[in-house]
Amino acid sequence: MKTVVLIIGANGQLGSVLTESLQHKHGKDNVIASDLHQRKSFDGIFEVIDATDKVRIQNVVTKYNVTQIYHLAAILSAKGEENPLQTWDINMKTLFNVLEVSRLSNIERVFFPSSIAVFGEGAPLSQTPNDAYLDPATVYGISKAAGENWAQYYFLKYGLDIRSIRYPGVIGYQSLPGGGTTDYAVDIYHKAVLEQQFDCFLKEDATLPMIFMEDAIRATIELMEAPKENITVRTSYNIAGISFSPAEVVEEIRKLYPNFVVKYTPDFRQDIASRWPKSIDDTTAKKDWGWKPEFDLESITATMIQKLKQQYKIDSKSHNTLLL
Ligand SMILES: NC(=O)c1ccc[n+]([C@@H]2O[C@H](COP(=O)([O-])OP(=O)(O)OC[C@H]3O[C@@H](n4cnc5c(N)ncnc54)[C@H](O)[C@@H]3O)[C@@H](O)[C@H]2O)c1
């Protein structure tokens, strides 16, 4: 059967990059990107979908004979705290709609991203294991922990082949982050190449697990391609990239920008970060589907700075337009 992919939340930080990778893999005619708003100058098939509308998802699935769904739409950790009940509603309603449409339309495979935000004070902070106790302190984390269990429920009850990764903070040059607690690790590189001061909303020693966009996308595609019998975790897989603190990324950036100035003014996001793991044990993902990260802090920094300089056209001195 031909693979036809629907991506929900395709305009976001991860979705925009994942869409291109999936287009490359399956062909532009077999990838349907969707989000709340039409993306400007998008090369491919795009449908406006509000994923709180189950009928709309069903219509697009039927129209294109969709066989796989990547459900990326969500309100993230920091933004989610602004309106907790609305965050719960959106995150859960969109997930239930995807689960139901998938079950009723015999969708062959579904991807649902979870997050390190599912962990709270009951989990070890260091090398947090896959099966650690989950007591998240944000509404976002609560919705992801519940979502993981619902994913497993649909697998056990209906045989839906749904797969999930708990992403660490994702760092990429291709897109801007959408309101998470790890967003600083993208913003800091933008300020560095623009030679501006960076105001950091976390403390300098707030170590968190992070992953480079290329690794995150590769992990997603490798998990989705793994043989079904290898998948032993139907809640969500821990994956590790690297762990670092703001002070460590600043030290790395100063090798290239010695005058880079950072001011630390921790806000509510520091409270969120303080309950999250510092490092992740991803033994199960390694064993089940061969997960292995490739990027460390040095290679992330070199790539981020090189690519952002090109996007800001730093060499030609027209600093102000970011060409994302
Ligand atoms: N970026 C990270 O560091 C990170 C880390 C852990 C987990 N995740 C998860 O990965 C997924 C993608 O994250 P991201 O960083 O790309 O998020 P993002 O905020 O950048 O993008 C989310 C997209 O979902 C869309 N959306 C919101 N509500 C919608 C709705 N009702 N219907 C359709 N689309 C809707 C938004 O318009 C946006 O384009 C999310 O589920 C997130 O929880 C991301």
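The model is predicted. The ligand sits in the largest pocket. Around the ligand are 28 residues.

**Shell around the ligand**
- Gln-13, Leu-14, Asp-35, Ala-51 and Tyr-140 come nearest to the ligand.
- By class, the shell has 13 nonpolar, twelve polar and three charged residues.
- Two helices, H1 (13-26) and H5 (139-158), each supply at least two shell residues.
- Strands E5 (109-115) and E7 (169-171) also supply at least two each.

**Polar contacts and burial**
- Tyr-140 places a polar side-chain atom 2.5 Å from an oxygen atom of the ligand.
- Val-170 uses the backbone: a polar atom there is 2.9 Å from a ligand oxygen.
- Asp-50 has a polar side-chain atom 3.0 Å from a nitrogen atom of the ligand.
- The protein buries 90% of the 820 Å² that the ligand exposes when taken alone.

**The largest pocket**
- The largest pocket holds about 970 Å³ of space.
- Its lining numbers 43 residues, and Leu-72, Ala-74, Ile-75, Leu-76 and Gly-178 are the closest to its centre.
- Elements giving two or more residues to this lining are H1, helix H3 (77-80), helix H4 (84-104), E5, H5 and E7.
- H4 gives the largest share of the lining, with four residues.
- The lining divides into 20 nonpolar, 17 polar and six charged residues.

How values were computed: Residues numbered from 1 in each chain as written. Predicted model: local features only at pLDDT ≥ 70, side-chain atom pairs only at ≥ 80, totals over all residues. Heavy atoms only, no water. Near = heavy atom within 4 Å. Polar contact = N/O pair within 3.5 Å; in protein donor to acceptor, adjacent residues only side chain to side chain. Areas by Shrake-Rupley, 256 points an atom, 1.4 Å probe, with all protein chains shown as cover. 1 Å grid on protein atoms, 1.4 Å probe; cavity = no way out; pocket = protein on both sides within 12 Å on 5 of 7 lines; lining within 4 Å. Sits in = over half its atoms within 2 Å of the grid points. Nonpolar A, V, L, I, M, F, W, Y, C, P; charged D, E, K, R; others polar. Points joined across faces, edges and corners; volume = space filled by probe spheres on them.
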